[in-house]
Amino acid sequence: MKRTETMLLNLGPSHPSTHGVLRVLLELDGELILRADPDIGYLHRGIEKMCEYRTYHRCMPLMNRLDYLAGEVNLFGFCLAMEKLLGIEVPKRAQYIRVMLAELTRIASHLFWLGTHGHDLGAMTPLFYAFREREKIMDLCEMVSGARMFPLYFRIGGLAADLPEAFIPAAWEFVKSFPEKHQDYHSLLTKNEIWIERTKDVGVMTADEALDWGWSGPMARGSGINWDLRRDNPYSSYEEFDFVVPLGKNGDTYDRYLVRMEEMLQANRIVRQALEKLADTPPGDIKAKDSRVSLPPKDAVYNDIAGLINHFKLIQEGITPPVGEVYQCIEAPKGEMGFYIVSDGSPQPFRLKIRGPSFINLSAMDKLARGRLLADSIALIGTMDIVLADVDR
Amino acid sequence: MSQAAELLQEKFPEEVVEVTEFRGETTIVVKPGRIVDICKALRDDNRTSYRYLSMIAGLDYLPQSPRFGVAYNLYSHKNKNRVTLKTLLTDDASPAIDSVVPVWSTANWHEREAYDMMGIRFRGHPDLRRILMPNDWVGHPQRKDYPLRGK
């Protein structure tokens, strides 16, 4: 007797290609995917809820832990949202340093994506090359803050400290050598026949569909949507930088690969420009001179009653923004990272909503996977460049 | 006044409750009843063309009444601007609003999250179940009366 029934397959929750703890329930007809239902929440830590019980300053370590492959970029967005809420302008030097670290982090995040995405599809070698350069960026992060993954270097109103002396030459060395290293990745994958077979016409999304599904960042640009928040709604002096926004045509996995590859080079160009601009800014000017967010100089604390009170209030009470609501988003490596802060005037956020790009990109999994083969699901998870800590928050 | 506010004043004068500007951002508070029509108009009209839904946030204003709210952040690639649409839900005991999934597919997971975390029902949602918490979880963790360390 001939039996026809579909099969349910669990992909994950612990599977090497799910980039964290993701379970995808696949309904299969042979090898054909009929339905894909991502089951998320394994890494749900309730960060939004926890923040409601913490001062703004104490929220910051949690922001680092959203998309942990680009820790400082999340914090960047949170600080910008807070500065918007408070109406604070950050000194130019701090803005350039932030841009520089954000772009270095973008390269690191894309390198991690490149290595793991390649590895998932059977290309072992790119991983080693990508991690070689990523390690250098981790070293740079360690230099500024002492930590590699979670630098926690940005502050509301500026930075924790100025750059150490050794940083600038080390950063220059990286910037100069990176384009050549980048060629290595290209030579390993871009014209590789197996790579092209596995990625061309896999997970196609048209521009209209990408908009409908709320895609942003490299995912949207792979489908040809000419949109980059750094260029179109500039923050932190991005309007002063010169860079190209790479676009894809077909909206498939291969085009998204090319877009991210080019983005790394463009990010490297921005770092170079930031280093040049930094030379013209006064050293030490890294924090907004605003008593609501910055501690007064020690001299004022010891000799002046107003300074002492200011110090005491900031330490004991924390930063108290005015009543209001703001939404601030940034171009994170994975797309639009947004922070919606509702303030009731107290030192804790009344409500903090985080718009994680991975969460939105992953929601289109079913749309991408339907009608594809089981093996393609691995390519799809890779191309979405998800980090489960960012999906689950 | 922003184009979005103008459009809504013109097409849905009874629905607009308040338009506020804060730090260069426009927030339009509307009544919940015709949210789908309002979103469709904002998406399809050439002046606004908010074809991209950035996020949906469930809000709990306990002890105020109306207690629950929903905020929609929209972006227009054409005009390169944003607008926040906010609505307060009338029923404090079982808050509900029409789903905007027919307008933007991306609303699907946002609404599931708001349902999971806040207990807001989205009428007409194709697949309204929990998303972050386990299926058998009791309660909605991001409500203000839900203790931080769990029940």
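**Briefing: chain contact, helix packing and nonpolar core**

Where chain A meets chain B, 33 residues of chain A and 28 residues of chain B take part. The model is predicted.

- On the side of chain A that touches chain B, at least two residues come from each of helix 1 (47-51), helix 3 (71-86), helix 8 (207-212) and helix 14 (357-363).
- Strand 6 (324-332), strand 7 (335-343) and strand 8 (351-355) of chain A also supply at least two residues each.
- This side of chain A is made up of 13 nonpolar, 9 polar and 11 charged residues.

**Helix 4 and helix 16 of chain A**
- Helix 4 (residues 92-120) and helix 16 (residues 374-383) of chain A pack with their axes 9 Å apart, at an angle of about 180°.
- Helix 4 of chain A is therefore roughly antiparallel to helix 16 of chain A.
- Helix 4 of chain A contributes Thr116(A), His117(A) and Asp120(A) to the contact, and helix 16 of chain A contributes Ile378(A), Gly382(A) and Thr383(A).
- By class, the residues of this contact are 1 nonpolar, 4 polar and 1 charged.

**Largest nonpolar core**
- The largest nonpolar core holds 149 residues.
- Phe78(A), Ala210(A), Ile330(A), Leu74(B) and Ile120(B) have the most contacts inside this core.
- Helix 4 of chain A gives the most to the core, with 14 residues.
- Beyond its neighbours within four places in sequence, Ile330(A) contacts Val73(A), Phe76(A), Gly77(A), Leu80(A), Leu229(A), Tyr235(A) and Met337(A).

Technical notes. Residues numbered from 1 in each chain as written. Chains lettered and ligands numbered in written order. Predicted model: local features only at pLDDT ≥ 70, side-chain atom pairs only at ≥ 80, totals over all residues. Contact = placed C-beta atoms within 7 Å. Helix = DSSP H or I, 4+ residues; strand = E, 2+ residues; numbered from the N terminus. Nonpolar A, V, L, I, M, F, W, Y, C, P; charged D, E, K, R; others polar. Axes fitted to C-alpha atoms, helices over the stretch in contact; angles between N-to-C directions. Parallel < 35°, antiparallel > 145°, perpendicular 65-115°, else oblique. Core = buried A, V, L, I, M, F, W, Y, C linked by C-beta atoms within 7 Å. Buried ≥ 20, exposed ≤ 12 C-beta atoms within 10 Å, placed from the backbone.
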